[in-house]
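Let's take a walk through this model together, starting with its open space and ending at the ligand. Please have the viewer ready.

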Amino acid sequence: MKNKFPIRIIMLFVWSFVFSSSTLLAQAADIGTETALIMTGILTAFFVIIIFFVIFVLEGNIEPIVKFFNAAWAYVVPQSAEKAIQMDEDFDGITELDNRIPPWFNYLFGATVIFAIIYLINYHVLKTSPLPQAEFSEELASADLMRRVRIASEGEINEDKLAALKDDASIKEGMEKFKKNCVSCHGNEGSGIVGPNLTDQYWIHGGGVKNIFATIKNGVPAKGMISWKLVFTPKEIQQIASYILTLQGTNPPGGKPQEGNLWVEPKIEASDSVKIAVKS
Ligand code: HEC
């Protein structure tokens, strides 16, 4: 029993690690390797705690745990009793102690060996997880795909050919994004704080859905508004711009005074309607 106990503990660790990682790694393709690893760790800890709890606490037998930790830490001859284990050789006053290797150190070593075996089987025999190079290529490929999707959707929706969305669902989407990301500078009702009032007919960067779309997409970095094109897809920017247009004329209380020029929607929808503003 005395000798078997640590082995049982180690086997519990191994078993729970293998169990949780195999189920998780099976899904790694869906949730990403990093997340899978973190979850494996959490699950492992969870299993170990449960097993400890069931075996020892529920059975009212915590003595082996206490013994195990005592043995792991207190096996080494303490400094006060070193004289007894001092070896005979003496090199210029430097002597050697015949002390034991602390058991926890041995367990750690054993754990690294087990880890290495699992690692070897996982990465090089079963090849269930990709090696770093493959993982890197995978990430590059998926980033490239994302970029293509973005470019493709941008080709469809850009400031040259754009109409305001009118349907309730789009306006609601736009409103939710506006409330989450824009109100800190533009105010709850778009009445303006640091950023200008978005409810009047005066625009610094041009009114109308195309100009508003372009301003949100490119931002005004010099004045403190970031470019939102890395945060939102073109479709989402279109929704937000459409929502902003619904604020026209709402005249919320405490609105910021007008800035920029009076915007009059051009009669003919020409591609050069961008940046056409009538001077007030
Ligand atoms: C950190 C503060 C800040 C945040 C957050 C912010 N803006 Fe702005 N925004 C500004 C400032 C400042 C300006 C004025 C730029 C200028 O003076 O040229 C501006 C200008 C604009 C304009 C042009 C107004 C005009 O008169 O031409 C639009 C449209 C706009 N913001 C929309 C948004 C939207 C939509 C969001 C959220 C997705 C947002 N802003 C978030 C600070 C902000």
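What you have here is a predicted model. Begin at the largest pocket, whose lining is made up of 30 residues. To find the middle of the largest pocket, look for His-186, Gly-195, Pro-196, Val-220 and Met-225, which lie nearest its centre. Five elements can then be picked out around it: α6 (168-181), α7, β3 (202-203), α8 and α9 each give two or more residues to the lining. The space inside comes to about 670 Å³.

Now bring the ligand into view. Where does the ligand sit? Its place is in the largest pocket. In the shell around the ligand, α7 (183-186), α8 (208-218) and α9 (234-246) are the elements that supply two or more residues. Of these, α8 gives the most, with three residues.

Altogether, 22 residues surround the ligand, and the closest are Cys-182, Cys-185, His-186, His-205 and Met-225. The shell, sorted by class, holds 15 nonpolar residues, six polar ones and one charged one.

Zoom in next on the polar contacts. His-186, which we met by the pocket centre, places a polar side-chain atom 2.7 Å from a nitrogen atom of the ligand. On the oxygen side, the side chain of His-205 has an N or O atom 2.6 Å from an oxygen atom of the ligand. Ile-204 takes part through its backbone: a polar atom there is 2.8 Å from an oxygen atom of the ligand.

Technical notes. Residues are numbered from 1 along each chain as its sequence is written. This is a predicted model: local features need pLDDT of at least 70, side-chain atom pairs count only at pLDDT 80 or more; totals for chains, interfaces and linings use all residues. Side-chain values use heavy atoms; hydrogens and water are left out. A residue is near a molecule or strand if one of its heavy atoms lies within 4 Å of it. A polar contact is a pair of N or O atoms within 3.5 Å; within protein, one must be able to donate a hydrogen and the other to accept it, and residues adjacent in sequence count only if both atoms are side-chain atoms. On a 1 Å grid over the protein atoms alone, a cavity is a set of points where a 1.4 Å probe fits but cannot get out, and a pocket is an open set with protein on both sides within 12 Å along at least five of seven lines; lining residues have an atom within 4 Å of a point. A molecule sits in a cavity or pocket if more than half of its atoms lie within 2 Å of its grid points. Helices (H or I, at least four residues) and strands (E, at least two) are DSSP runs, numbered from the N terminus. Ala, Val, Leu, Ile, Met, Phe, Trp, Tyr, Cys and Pro count as nonpolar, Asp, Glu, Lys and Arg as charged, and the others, Gly among them, as polar. Grid points are joined across faces, edges and corners, and a volume is the space filled by probe spheres set on the points.
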